[in-house]
Structure formats: structure tokens, C-alpha cells
Amino acid sequence: MTQVYAIALGSKDPQEKTAGLNVAFYFLKADAAGLFQELLASSGGNETFQQRLINEITGTDTPEAVDLLVQTVQKLMDQWRKKHPQGTIVKPQTAPDYEEKTGAMLITTLRQIENPKTLPAFRKLLDNKEPDFRLSAVEALGKMGEKEDILLLENMLKKETDDYLQQSIRGAIKSINNR
């Protein structure tokens with residue numbers, strides 16, 4: 001397996017890189033997020049290819065898949081911040097950057113995951129500094145959370161300052177209570 005991974009890292013072929021990603025992901029290599037991001041970037045903006053890669057990862061329905069998506073989005077956000085330091089004006093009519101488009105695609109995918117096996121990963125996101133991740137976690141808990149998650153959400157509600165997130169937390173608590 002290490003040979004497949006090594007070949008994939010040096011390859012320009014997307015299929016070989018995808019095989020390497022699978023090896024990295026399943027054996028929890030530390031740089032799986034980096035390889036995943038590299039594969040997404042090598043797609044040349046081909047959203048169909050990107051979505052296929054994302055689906056391949058999320059199809060495993062594991063907490064590790066959620067972690068990999070989050071790590072990748074965080075890397076994309078960091079790259080975007082380097083390109084747009086505070087004070088840089090981004091023109092509204094400008095087409096979204098690669099990082100923005102891909103990050104949005106990954107966050108949308110996070111919000112569509114509905115397998116209870118992924119709950120531990122979403123619970124970890126409740127304290128994330130990024131509101132999009134907290135919202136993804138709240139929505140996931142609202143869809144598939146358990147009664148004990150209510151306490152986590154109530155504690156989050158006490159600290160949360162974003163109005164939309166507060167409303168979403170209340171909705172998630174209500175959804176869990178109604179089950």
C-alpha cells in the first residue's frame with residue numbers, strides 16, 4: 001500500500017492520485033487532507049470531478065470523512081486569507097476564487113451527511129472558530145443527534161453570539177426533543 005501511495009503522490013494522473021487518496025484516507029495518513037486538496041485543485045475547475053471525489057470520501061460514512069472535509073476546508077480558507085489579507089477589498093462582481101467555490105462545495109456536502117456514525121466528528125465542530133463549521137455541526141445534530149446532545153447545544157447557545165446560529169441551535173434542540 002505504501003508503494004501505491006508513493007506512486008500517487010508523484011503522479012500527474014488524477015486516477016492514480018485518487019487511488020493514493022484512498023490509501024491515505026483508509027490508513028489515516030496525516031497528509032490525506034493535503035492530497036485531497038491537491039486532487040481537487042488538479043481538477044482544473046471541473047466540478048463534476050470534484051463532486052465525484054467528495055462523494056467518494058463521504059460515501060464511507062465515517063467520522064474520519066467528516067474530519068477530512070473539515071481539514072480540507074480549513075486549508076482552503078487559510079489559502080484564501082493569504083490571498084486576501086485583511087484590508088484587501090474583494091470586488092463583489094468578481095467571480096469566486098477556487099478556494100471559495102471548492103470550500104462552499106465541501107461545506108454543502110458536510111451539511112448533507114446523515115449517518116449517525118459521523119456524530120462524534122460533528123460534536124467536535126461545535127467549538128470550531130468558523131461559523132460555517134459550527135452551523136454544519138448544529139444542522140447535523142438537529143437531523144440525527146441524540147438526547148444527550150441537547151446539553152451540548154444548550155451550552156453552545158449560551159456562548160454563541162451569531163443570531164442565525166442561535167436560531168439554528170434552538171431548532172436543533174427542538175428537533176431532537178420531538179423525536
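Biologist: Which residues touch the most other members of the largest nonpolar core?

Modeller: In general, nonpolar side chains tend to be buried together in soluble globular proteins. A nonpolar core here is a set of buried Ala, Val, Leu, Ile, Met, Phe, Trp, Tyr and Cys residues joined through side-chain atoms within 4.5 Å. In this chain the largest such core has 40 residues, and Phe36, Phe122 and Leu153 touch the most other members. Before we go on, this is a predicted model, where local features need pLDDT of at least 70, side-chain atom pairs count only at pLDDT 80 or more, and totals for chains, interfaces and linings use all residues. Residues are numbered from 1 along each chain as its sequence is written, and side-chain values use heavy atoms, with hydrogens and water left out.

Biologist: Which helices each supply at least two residues of this core?

Modeller: Back to the core of 40 residues: the helices that each supply at least two of its residues are H3 (32–41), H4, H5, H6 (98–110), H7 (119–125), H8 (131–144), H9 (149–159) and H10 (163–177). H5 gives the most, with 8 residues. Helices (H or I, at least four residues) and strands (E, at least two) are DSSP runs, numbered from the N terminus. The chain comes to 10 helices and 0 strands.

Biologist: And how much of the chain is buried?

Modeller: Buried means under 20% relative accessible area, exposed means over 50%, and partly exposed is in between (1.4 Å probe, protein chains only). Of the 179 residues, 44% are buried. As for contacts (heavy atoms within 4.5 Å), residues 24 or more positions apart account for 62% of those with a separation of 6 or more.

Biologist: How do H4 and H5 pack?

Modeller: Two packed helices are described by the angle between their axes and the distance between the axes. The axes are lines fitted to C-alpha atoms, for helices over the stretch in contact, and angles run from 0 to 180 degrees between N-to-C directions. H4 (residues 47–58) and H5 (residues 63–83) pack at about 145°, with axes 8 Å apart. On the H4 side, Ile54, Ile57 and Thr58 meet Ala65, Leu68 and Leu69 of H5. By class, that contact has 5 nonpolar, 1 polar and no charged residues.

Biologist: Now the charged pairs. How many salt bridges does the structure hold?

Modeller: A salt bridge is a side-chain nitrogen of Lys or Arg within 4 Å of a carboxyl oxygen of Asp or Glu. The structure holds 8 of them. One of the pairs is Arg134 with Glu160, the closest N and O atoms being 2.9 Å apart. Arg134 lies in H8 and Glu160 in the loop between H9 and H10, so this pair ties together parts 26 residues apart in sequence.

Biologist: Are Arg134 and Glu160 buried or exposed?

Modeller: Arg134 counts as buried at 13% relative accessibility, and Glu160 counts as buried at 8%.

Biologist: What does Arg123 form a salt bridge with?

Modeller: Arg123 pairs with Glu146, and their closest N and O atoms are 3.2 Å apart. Arg123 sits in H7 and Glu146 in the loop between H8 and H9, so parts 23 residues apart in sequence are tied together. Arg123 is partly exposed, at 23%, and Glu146 is partly exposed too, at 34%.

Biologist: Where do Lys143 and Glu114 lie?

Modeller: Their side chains meet in a salt bridge (3.9 Å, N to O). Lys143 is in H8 and Glu114 in the loop between H6 and H7, 29 residues apart. Lys143 is partly exposed at 34%, whereas Glu114 is exposed at 57%.

Biologist: Which residues are linked in a network of salt bridges?

Modeller: That network links Arg111, Asp132 and Glu139.

Terms used. Ala, Val, Leu, Ile, Met, Phe, Trp, Tyr, Cys and Pro count as nonpolar, Asp, Glu, Lys and Arg as charged, and the others, Gly among them, as polar.
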